[in-house]
Amino acid sequence: MDNIKIQTTQNVDIEYELASVGDRILATLLDYVFFLAYGIFIILIVTFMGSFAERNIWLIVVMFIPVLVYDLLCEMFFQGKSFGKMIMKIKVVKLDGTQAGFGAYLLRWLLRIIDTRIFSGGVALIAIIANGKGQRIGDMAAGTTVIKMKQKVTINDTILNKVAPSYTI
């Protein structure tokens with residue numbers, strides 16, 4: 001798996017494991033499951049509303065706006081994670097190691113239309129594979145990448161770590 005080194009302001013290198021293409025695709029598919037559930041919920045509401053919904057079609061359109069801004073809102077309010085990313089334990093970070101801000105999330109969201117929506121993810125897939133930092137076009141423009149959150153730490157790395165008898169402080 002590819003890793004990325006991020007140098008902090010204290011000149012400490014932190015190495016993160018980049019989210020794989022499979023992790024990112026699965027997170028997106030999980031997000032689509034949430035879209036489907038929300039769509040079914042809206043259809044049920046419209047069905048119960050009956051003729052009121054037919055007269056107020058704009059209300060139905062307004063109800064689907066959250067699907068359009070889902071990625072932007074989730075990343076803003078959940079520190080770079082959508083619900084699919086939370087389940088997959090991946091998140092968006094800036095290349096300098098800081099938390100991405102609204103401008104970066106907005107740029108990623110706007111370019112997602114080209115990356116994933118228009119070309120069904122083909123452009124994003126090629127960009128992620130070709131780029132050495134696991135970035136799609138939106139990530140390149142925003143200076144972000146997607147990393148894995150889970151640390152591969154075992155109990156042997158903590159209290160059960162054996163120290164060599166010749167070790168000196």
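Mentor: We may. Two strands count as a pair if DSSP finds at least two bridges between them. Please bear in mind that the model is predicted.

Trainee: How many bridges join strand β1 to strand β2?

Mentor: Strand β1 covers residues 3–7 and strand β2 covers residues 13–17, and the two run antiparallel. Within this pairing, Q7 stands opposite D13 of β2. The number of bridges joining β1 to β2 is five.

Trainee: Which residue takes a positive phi in the hairpin of β1 and β2?

Mentor: The hairpin has five residues between the strands. A phi near 60° is found there, and the residue that takes it is N11.

Trainee: Is F34 buried, partly exposed or exposed?

Mentor: F34 is found in helix α1, which spans residues 21–49. Buried requires under 20% relative accessible area, and exposed requires over 50%. F34 has 35% relative accessibility, so this residue counts as partly exposed.

Trainee: Which helix gives the most to the nonpolar patch?

Mentor: The patch lies on the surface and has about 610 Å² of accessible area together; F34 and L73 are among its residues. Helices α5 (70–77) and α6 (83–88) each supply at least two residues of the patch. With three residues, the helix that gives the most is α6.

Trainee: Which element gives the most to the lining of the largest pocket?

Mentor: The largest pocket has a volume of about 450 Å³. Its lining consists of 24 residues, and R24, I25, T28, T116 and A124 lie nearest its centre. The elements giving two or more residues to this lining are α1, α7 (102–118) and α8 (122–130). With nine residues, the element that gives the most is α1.

Definitions and conventions: Residues numbered from 1 in each chain as written. Predicted model: local features only at pLDDT ≥ 70, side-chain atom pairs only at ≥ 80, totals over all residues. Heavy atoms only, no water. Patch = residues over 30% accessible without salt bridge, like charges linked within 9 Å, V, L, I, M, F, W, Y side chains within 5 Å. Areas by Shrake-Rupley, 256 points an atom, 1.4 Å probe, with all protein chains shown as cover. Salt bridge = Lys/Arg side-chain N within 4 Å of Asp/Glu carboxyl O. Helix = DSSP H or I, 4+ residues; strand = E, 2+ residues; numbered from the N terminus. Buried < 20%, exposed > 50% of the residue type's maximum accessible area, 1.4 Å probe, protein only. 1 Å grid on protein atoms, 1.4 Å probe; cavity = no way out; pocket = protein on both sides within 12 Å on 5 of 7 lines; lining within 4 Å. Points joined across faces, edges and corners; volume = space filled by probe spheres on them.
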